[in-house]
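Then turn to the place where the chains meet.

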Protein chains: 2
Amino acid sequence: MKNQVGREIPDALLTEGLEAYQGPFYRENYEYTRAAAKVRPMVTPKASKVVDSLEEAIRQSGLKDGMTVSFHHHFRNGDRVIAMVFDVIHRMGIKDLYLCASSLGKAQASLVPMIEDGTITRISSSGVRDEIGEALSAGKLAHPAWIRSHGGRVRAIETGEVHVDVAFIGAPTADAYGNASGKGGKSDCGVLSYAAVDAQYADHVIVVTDTLVPFPNDPYSIDGINVDAVVVVDQVGEAEKIAGNAVRQTSDPRELMIAEYAAECVMNTEWFRDGFSFQTGAGGASLAVTQFLAPTMREKDIHMGFALGGITAPMVAMLKEGLIRKIADTQDFDIPSVESVHETPGHFEITTSEYANPLNKGAYVNLLDYVILGALEIDTDFNVNVVVGSDGKIQGAPGGHVDTAAGAKCTIIVTPLIRGRLASVRDQVTSVTTPGETVDIVATDYGVAVNPRRQDLVEQLQKTDLPLKSIEELRDIAYGIVGEPKPIEFTDQVVALVEYRDGTIIDVIRKPQV
Amino acid sequence: MKNQVGREIPDALLTEGLEAYQGPFYRENYEYTRAAAKVRPMVTPKASKVVDSLEEAIRQSGLKDGMTVSFHHHFRNGDRVIAMVFDVIHRMGIKDLYLCASSLGKAQASLVPMIEDGTITRISSSGVRDEIGEALSAGKLAHPAWIRSHGGRVRAIETGEVHVDVAFIGAPTADAYGNASGKGGKSDCGVLSYAAVDAQYADHVIVVTDTLVPFPNDPYSIDGINVDAVVVVDQVGEAEKIAGNAVRQTSDPRELMIAEYAAECVMNTEWFRDGFSFQTGAGGASLAVTQFLAPTMREKDIHMGFALGGITAPMVAMLKEGLIRKIADTQDFDIPSVESVHETPGHFEITTSEYANPLNKGAYVNLLDYVILGALEIDTDFNVNVVVGSDGKIQGAPGGHVDTAAGAKCTIIVTPLIRGRLASVRDQVTSVTTPGETVDIVATDYGVAVNPRRQDLVEQLQKTDLPLKSIEELRDIAYGIVGEPKPIEFTDQVVALVEYRDGTIIDVIRKPQV
């Protein structure tokens, strides 16, 4: 069947209650009972949960063929935990595992042979980039992968759609009872937001750290009362690949122009007033938007009520200056952010459920005024693709894209109109990640298009000097420069399902023809 | 049947899996699946969860006859929330409710007529003092009440033995999404530790506050993602009855003598070394123990690793001085403690599950070296009664008594040998709250008795000048002065079950003969 954004979802996939996407708020009035973990309590008091080796901890967990294991990605490209754990699992000969990660990338390249040999047969992840993305696109995984947004992953675990048997939580520091923190040690990552749901809902929780500290490891993000075992290893991450120094400001005039347009959209719409809320990514244009806002905020005495999501140095600087009142942090992209969280008053960590889960009692994204997001492609119905590259291969991640777009009052996409000799704005996107109904403005280097569903924004922005265009005009300009993109040829084999944050299927990704 | 501490538990009560007490660590190897709440999610983003009135919030919650409602007692004698909520419930005509409170006392006197008229037919609480205690002892509640320790209450909710339909959480401050804190506003109580489990496991959660603050109310203890509604009322508590100025130091020479003996026991046993952990109550003798320890700690350069539980000004002063490294706080007994938590580095809030739940994966009490506890009565097998007065009426609360005694390496009871012309140390206690197997030392104004089960302590303390006596000698001294206590006459009617922290029944309380 064709779903509500016009994507063909094979009926054979829509079994066991799985439904096709039917609009961003389709699950209004949905009710459920939360999932619940099995518990093996510590009845007789013990002094420590430290287990001698990863292998012993895995043995004690009862991990066996067909089970689900989970991981977080706060160590990003510096992560050593996933590779280390799977190395042991592979040696132990455990097979047919479901890998439920918050994201996967370059640091997990060593998993490809384990996808090929059946150690890993199912995957749920936000990002599946690099070698893992290649392997998935080549159809090497036994079952189609699930691409889930950050909010969607938490939802899937909290509703019980995914049941984690054993969670492995890499932590910069932990005490002997498993109270674990993103701070301290030699692999500092600031927060452990993505791992909170794993700790709460997995039957067995193993904290993996390279720095054991005295009890209690306050302030901690992972609560020892949910932890079964602590394993101390040499190194959980490579610091230089976890967080760099402050992200460099862009000097690309095209990016600066896009950022300025986006900032103008913010500053000329109704929610830009004292106490407004805001999220932006770490990309060049996204980051620059914040910096364009600051002078006007100072001038007009407008303070940001809260900044949300992945945090970078400019946000921290504005918090310290008093321009931002609170930072609700789910990830730290640079060392200044890592250092600030839990230290600067008002800079605090939230869990990913708090951040973006569409089926809890109200996530932070619901209260966002503005979000600035990137895109690989946008179609003339404002549907956005951030997952599949123009070669048809999986190379991106929905992350919080889908979640913040649904929550924010004003969702602004920043993208160059042309990328790699291909039109970003086009009749059809290669894959739909974020539905156009939740996307309000597209800011490009050739002009700004407002979603006609949002006449309130059209009216407000018509009063400005912004180069407003229709989305079709932007497409025509792009096509005029680089021509109409040739559709990629795909086979019938479905290699991944793109899940909308509420659990419905917004798209499927097929194996590209070689 | 007679249980392991020799108390007669009527077989008729031991149905549906309920078991008699069989030793403090009887449930080793117990496994269970955590309870789980029903969730009505916020799918379409809303700006606020504020509901106009308590009545409207109760209506929306779907509360009806036979359901369970829950409350915390952080406002202590200044609490207005329970009375206010039940006033509305009573007006609405809802009946046959199960009241699951963390404690009840003077501030809930207005509930007695509702116990009499069947609005409230079941109660679970730690303390049931004052008018409520009288009403229970008089047999006015339709079903026997459950007396649960702090850890036991959390366990009962987490295992699903008690399912809370609607939780009412009084909060000094909250934002419009229900992120609630014990700090700020006009009814400051510091922490909301007891309420954490209610927020997580109740189907419907209503935050009641008198001070609505901008979102996000960081740092908060109750997470808005678990909250359905926020109600703003005039006043949730009476500040002067919530927390006073610093608790006055005792000048009673008898209390000081007992405290000095207890401090000597601490300072002359093996766990008194750098990094030791410690808990004490807010009573005169208990509090004084801390102050006797401080000079020796300074002199020997011994720092407390962590202090636990209910906190008072002397602990905060020692944290600030550097004598204590961390304070893990579950309740604030005075204004200096309220002001310090979340402000003084190292002074942080923990949930009651973290504190004392015997069936999670390892609570803080497990890592206690020393705990100083009070008692109403102790028998010659070291069983302690803190619940039933010598008139046979319910007038106390196990609180964390049972939990810390089971967890700590060295449990010290401080009590005057004679109280109100009655012997505290006696052949039999009126009711068993804490089993003697978990009680190690009894310090009285007539000498110190060490539990013969603890030969390690006997050996260590024999090297001191402490006036060591056997527990039988202490009893004999007491009987010599005030005579053997006359047993209280009880009817057959069971008015309350005293639950051991693991869910087994350690005693039943019968209605006294008038």
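Start at Lys393(B). This residue is partly exposed, with a relative accessible area of 30%. The model is predicted. Lys393(B) forms a salt bridge with Glu134(B), and the closest N and O atoms are 3.5 Å apart. Glu134(B) is likewise partly exposed, at 43% relative accessible area. Where do the two partners sit in chain B? Lys393(B) lies in the loop between strand 19 (384-385) and helix 13, while Glu134(B) belongs to helix 4 (residues 130-137), so the bridge ties together parts that are 259 residues apart in sequence.

Now move to chain A. Here Lys106(A) and Glu131(A) meet through their side chains in a salt bridge, 3.7 Å from N to O. The pair links distant parts of the chain, 25 residues apart. Lys106(A) is in the loop between strand 5 (97-101) and helix 3 (112-116), and Glu131(A) is in helix 4 (residues 130-137). Lys106(A) counts as partly exposed at 46% relative accessibility. Glu131(A) does too, at 32%.

Buried or exposed: what is Asp440(A)? Asp440(A) is buried, with a relative accessible area of 3%. Its salt-bridge partner is Arg454(A), with the closest N and O atoms 3.2 Å apart. Arg454(A) is buried because its relative accessible area is 18%, and the cut-off for buried is under 20%. Both residues lie in loops: Asp440(A) between strand 23 (425-426) and strand 24 (441-444), Arg454(A) between strand 25 (447-450) and helix 14 (455-462). They are 14 residues apart.

Over all chains, the count comes to 60 salt bridges. Across the interface of chain B and chain A there are 4. One of them joins Asp218(A) to Lys326(B), with the closest N and O atoms 3.4 Å apart. The interface also holds 30 residue pairs in polar contact. On chain B, elements that each supply at least two residues to the side touching chain A include strand 1 (32-33), strand 11 (204-209) and helix 13 (401-407). By class, that side has 29 nonpolar, 13 polar and 15 charged residues.

How many residues does each chain bring to the contact? Chain B gives 57 and chain A gives 57. The area buried between them is about 5,100 Å², with 56% from carbon and sulfur atoms. Arg34(B), Ile225(B) and Lys361(B) supply 17% of the area that chain B buries against chain A, more than any other three residues.

Strand 1 (residues 32-33) of chain A pairs with strand 2 of chain B, antiparallel, over 2 bridges. Thr33(A) has Lys38(B) as its bridge partner there.

Terms used: Residues are numbered from 1 along each chain as its sequence is written. Chains are lettered from A and ligands numbered from 1 in the order in which they are written. This is a predicted model: local features need pLDDT of at least 70, side-chain atom pairs count only at pLDDT 80 or more; totals for chains, interfaces and linings use all residues. Side-chain values use heavy atoms; hydrogens and water are left out. Contact means heavy atoms within 4.5 Å. Buried area is the accessible area (1.4 Å probe) that two parts lose on being put together, summed over both. A polar contact is a pair of N or O atoms within 3.5 Å; within protein, one must be able to donate a hydrogen and the other to accept it, and residues adjacent in sequence count only if both atoms are side-chain atoms. Helices (H or I, at least four residues) and strands (E, at least two) are DSSP runs, numbered from the N terminus. Ala, Val, Leu, Ile, Met, Phe, Trp, Tyr, Cys and Pro count as nonpolar, Asp, Glu, Lys and Arg as charged, and the others, Gly among them, as polar. Two strands pair if DSSP finds at least two bridges between them. Buried means under 20% relative accessible area, exposed over 50%, partly exposed in between (1.4 Å probe, protein chains only).
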